[in-house]
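Hello,

Here is the structure I said I would pass on. My notes on it follow below.

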Amino acid sequence: MKKILLLLFFPVVIFSQNLQEGEFIWSKERKLQKEDYKLITRDNNVPIRSAINFSYHLRGFNVFNNNFNRNIINKFSRNSSALNPVSDNISAMIAYQQLNFDLSEVYARKMRKELLIHKNKLWKGFDYADSIFNNLTVEYVKTQALMNEETHYGLNVQKLQDWNQKINDELEGLSEFDYNNTSKIKIKKSSKEDI
């Protein structure tokens, strides 16, 4: 019997960047663990559910920022994530959820980069940020569906390794846009858009 792993992804626009109790921001050092799943489920068809989302928060003077890394967060909610403790291969299921969390971080970083490249558009209002967020959310969901299909929800080990490498390469390529980087990011003139 093939088990289906489910990732709950809640793209949201929020007005507070404060983390709630039981939430933590993506980190390359901090990997998901069994203890992060606070809800117990007995559903054998969906033995794991992870509440992962990336969101953003902008205000009027944010367009003066050296980077937008702290304005977009990618977080995991322990209190909204569930695990069936008697499932087989719990460690493999959690590793696959980590890969989904990593994929979400790729899209958070893409948004940080896009907002920095096109920050002049934010002077006219935040409609551009909404558009970028919506487009990246759609792209993320499609990419996640493709990864689920190709890896059979993490069961195809070779495809899983391929996706893991691809996501790690993307994260490395976007390393300047890590949440913890507060340094000024210089964008090459050829990538800036004239307004």
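In this predicted model, α2 and α3 cross in a right-handed sense. The axes of helix α2 (residues 127-151) and helix α3 (residues 157-173) come within 8 Å, and the crossing angle is roughly 150°. Angles over 145 degrees count as roughly antiparallel, so α2 and α3 are roughly antiparallel to each other. On the α2 side the contact is made by Thr143, Leu146, Met147, Glu150 and Thr151, and on the α3 side by Lys159, Leu160, Trp163 and Ile167. By class, five residues of this contact are nonpolar, two are polar and two are charged.

Helix α3 also packs with α1, at an angle of about 30° and with the axes 10 Å apart. That makes α1 roughly parallel to α3. The crossing of α1 and α3 is left-handed. From α1, Tyr96, Leu99, Asp102, Leu103, Glu105, Val106, Arg109 and Lys110 take part; they meet Leu160, Trp163, Asn164, Ile167, Glu170 and Leu171 of α3. The contact of α1 with α3 has eight nonpolar residues, one polar and five charged.

Gln98 lies in helix α1 (residues 90-117). Is Gln98 buried or exposed? Its relative accessible area is 6%, and under 20% counts as buried, so Gln98 is buried. The side chain of Gln98 makes a polar contact of 2.7 Å with that of Asp102, and Asp102 is also among the α1 residues that meet α3. Apart from neighbours within four places in sequence, Gln98 is in contact with Trp26, Arg30, Lys31 and Leu32.

Regards

Technical notes
Residues numbered from 1 in each chain as written. Predicted model: local features only at pLDDT ≥ 70, side-chain atom pairs only at ≥ 80, totals over all residues. Heavy atoms only, no water. Helix = DSSP H or I, 4+ residues; strand = E, 2+ residues; numbered from the N terminus. Buried < 20%, exposed > 50% of the residue type's maximum accessible area, 1.4 Å probe, protein only. Polar contact = N/O pair within 3.5 Å; in protein donor to acceptor, adjacent residues only side chain to side chain. Contact = heavy atoms within 4.5 Å. Axes fitted to C-alpha atoms, helices over the stretch in contact; angles between N-to-C directions. Parallel < 35°, antiparallel > 145°, perpendicular 65-115°, else oblique. Left-handed = near helix turned anticlockwise from the far one by under 90°. Nonpolar A, V, L, I, M, F, W, Y, C, P; charged D, E, K, R; others polar.
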